[in-house]
Amino acid sequence: MLRLRLFVWGEMFAYVFLAVLLAWAGISVPWHFRAVSPAVLQAAGKGTPQLAGVSQAYYRSGSFSVSMLLGQVDYLAILPAEQQQQVNALRTDDPARWLVGGSSPYAETFLKMILPENVSADAHREVLPLLLPRHAREELRVFLQAGKVPLVEQLLATRELSGYTYFPAVHSAGGQPLDATIQLAALLAQSGAYSPEFQRSLQQILGLAEEEDITAFKDLEQFYASLMALSLRLDWMQLNDFIRLCPDMAAFERSVLLLQTSPDSLPLFLSAAFLLDSPEPLLSYLEDKQEEGWAALQYAIQWGKGSVELLVAQDKPLYRPPTWIRWLDKPLSMVQEGLTARFTSRNISLAIVAKISLLLASGFVLSILLERLLEISNLRRRRWRTQPLVLFWNFLMALVFASTVWMLLEPSLLKFSQNHAATLKLDFVVANALESLKSQNIEPIMIDQVTIIVLLLFFFIQLLVYVFNLIKIAEIRRQKLSPQAKITLLENEENLFELGLYVGLSGTVLSLILLAMDIVQASLIAAYASTLFGIIFTAILKIFHLRLYRRKLLIEVMQQNPDKKG
């Protein structure tokens, strides 16, 4: 007897150990539905170009101001002391190169024409303020007209247009900023800063604007506004090099608009664009993620180009583990840094399959353990566990366990921005009303991702309870007892057969509490659906299974005792 008990407890311990081991392995795979793991970003950046290398490359090419910009984001990209001394010496030795931001003979030649003889060492290098003085604009116009470049001539011709909405006309009292911006755009065109697609779009807008097309005029004014906003914050080399990275005019304008909403993120955005050789991959990500996107980009950029590329490709914010799991950070990080993070960064699809499979396997083992603890069957265990109904119950148990663990690991699955919910708008026209009711906003019923997830979770829990009750009925059916004894056993399990109702009500109460505390952001439909699922599954169980089986047993009892009624 003692040996049997030791064997049973040993078997239980083996199940627990295996389930914990599988769950630990699944948790160690750093992949998440709605976030990117920092460990994966770190692994993806290894062996890829770093900001420090990009900074040195720009310095060697003559763009020291771009290197200084990158140094504001990553301390490793800061220029060494010797190089900083060489840059600082330009303030007095070569003021034109200092104001330009690097070696650009084309821009230096023009600046030497307009700069005063004694330039202050503390002069700002932003390009637009240098062009605002009247003599600077006159010198620049002569300089540009001498080149006889068609695009430059088209841009300069827009100085004479008078249909601007947001800018005062060039020849008015407040026209200096627009005049300087137009000539700056022409200067960039003459230096070859625009890409072919950028140049094609600009020429098309200029042509339509000359024909007084209203839409083209707005597009042209938007371009000038974007250029003005950026040139007030960047020097010539920074502006010129950034525009060269823009594949088209739309990418440039979207970049400026994004920076207007987050002005303090200018060094970060430009550094990431210089690292990726284009701002376009960043735009959709940052426009959608906003503050979370900026924080994730700040983390990813320190690990290199591969890290930033993976971040924008996944289109997810940075994963922040819940408080209860942070005590596992150190042991998890040892496993992730050694193997799973590198594997996930290179094989995302396989990582997804591995994590889901490991969590399901852990839940399956726990379901077998629960089956043993509850003593579901008195038959031979191995034979009973091969029954399809029991296997289906085990699978459902594993699915519920894996889903619960995943939601605990990733609470963001249960949060959803209401801004994404559709708004229903109905228009009414009332003929006899003194004031017609033109529109009415109806509060939408939010059926979003979170609500669907919660509905599926409640559904699978009720399905699990339903299958468990079917197993209990099948167990009673297989026992070699008299019909009357089986009826007595069924009456004894009556509360168990109503478990779906209790679980449903508990789910509704718990959901309402979580909604009231704003822990879960879902629709009330999800809360009430828990009770509804409980009623439906309990009704199906009692009407289509329990009632029919009792009827059969009652008939057998009556046949065995024909002299007794009922």
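## Nonpolar cores

The largest nonpolar core of this predicted model has 103 residues, and those with the most contacts inside it are Tyr194, Phe223, Tyr224, Phe252, Phe269 and Leu282. A nonpolar core is here a set of buried Ala, Val, Leu, Ile, Met, Phe, Trp, Tyr and Cys residues joined through side-chain atoms within 4.5 Å, where buried stands for under 20% relative accessible area, exposed for over 50%, and partly exposed for what lies in between (1.4 Å probe, protein chains only). A second, separate core has 28 residues, including Leu464, Ile476, Ala529 and Leu546.

If neighbours within four places in sequence are left aside, Phe223 is in contact (heavy atoms within 4.5 Å) with Ala185, Tyr194, Phe198, Leu202, Met249, Phe252 and Glu253.

## How the model is read

Residues are numbered from 1 along each chain as its sequence is written, and side-chain values use heavy atoms, with hydrogens and water left out. Because the model is predicted, local features need pLDDT of at least 70 and side-chain atom pairs count only at pLDDT 80 or more, whereas totals for chains, interfaces and linings use all residues.

## An enclosed helix

Helices in this report are DSSP runs (H or I, at least four residues), numbered from the N terminus. Helix H4 (residues 64-71) is largely enclosed by the rest of the structure, because seven of its eight residues are buried. Those buried residues are Phe64, Ser65, Val66, Ser67, Leu69, Leu70 and Gly71, and they pack against helix H3 (51-60), helix H5 (81-93), helix H6, helix H14 (236-245) and helix H16 (266-276).

## Cavities

The count comes to four cavities of 30 Å³ or more. On a 1 Å grid over the protein atoms alone, a cavity is a set of points where a 1.4 Å probe fits but cannot get out, and its lining residues have an atom within 4 Å of a point. Grid points are joined across faces, edges and corners, and a volume is the space filled by probe spheres set on the points.

The largest cavity has a volume of about 80 Å³, and its lining includes Leu99, Phe110, Arg125, Leu187 and Trp236. Helix H6 (95-100), helix H7 (105-114) and helix H8 (127-131) each supply at least two residues of this lining, which divides into 10 nonpolar, no polar and one charged. For these classes, Ala, Val, Leu, Ile, Met, Phe, Trp, Tyr, Cys and Pro count as nonpolar, Asp, Glu, Lys and Arg as charged, and the others, Gly among them, as polar. The second largest cavity holds about 70 Å³ of space, and among the residues that line it are Trp31, His32, Gln314 and Lys316; by class, its lining has seven nonpolar, four polar and one charged residues.

## Salt bridges

The structure holds 15 salt bridges, each being a side-chain nitrogen of Lys or Arg within 4 Å of a carboxyl oxygen of Asp or Glu. Arg137, Arg159, Glu160 and Asp179 are linked in a network of such bridges.

Another salt bridge joins the side chains of Glu494 and Lys542 (2.7 Å, N to O). This pair also links distant parts of the chain, with Glu494 in helix H26 (residues 494-497) and Lys542 in helix H28 (residues 524-560), 48 residues apart. Lys542 is partly exposed, with a relative accessible area of 24%.

Definitions and conventions. On a 1 Å grid over the protein atoms alone, a cavity is a set of points where a 1.4 Å probe fits but cannot get out, and a pocket is an open set with protein on both sides within 12 Å along at least five of seven lines; lining residues have an atom within 4 Å of a point.
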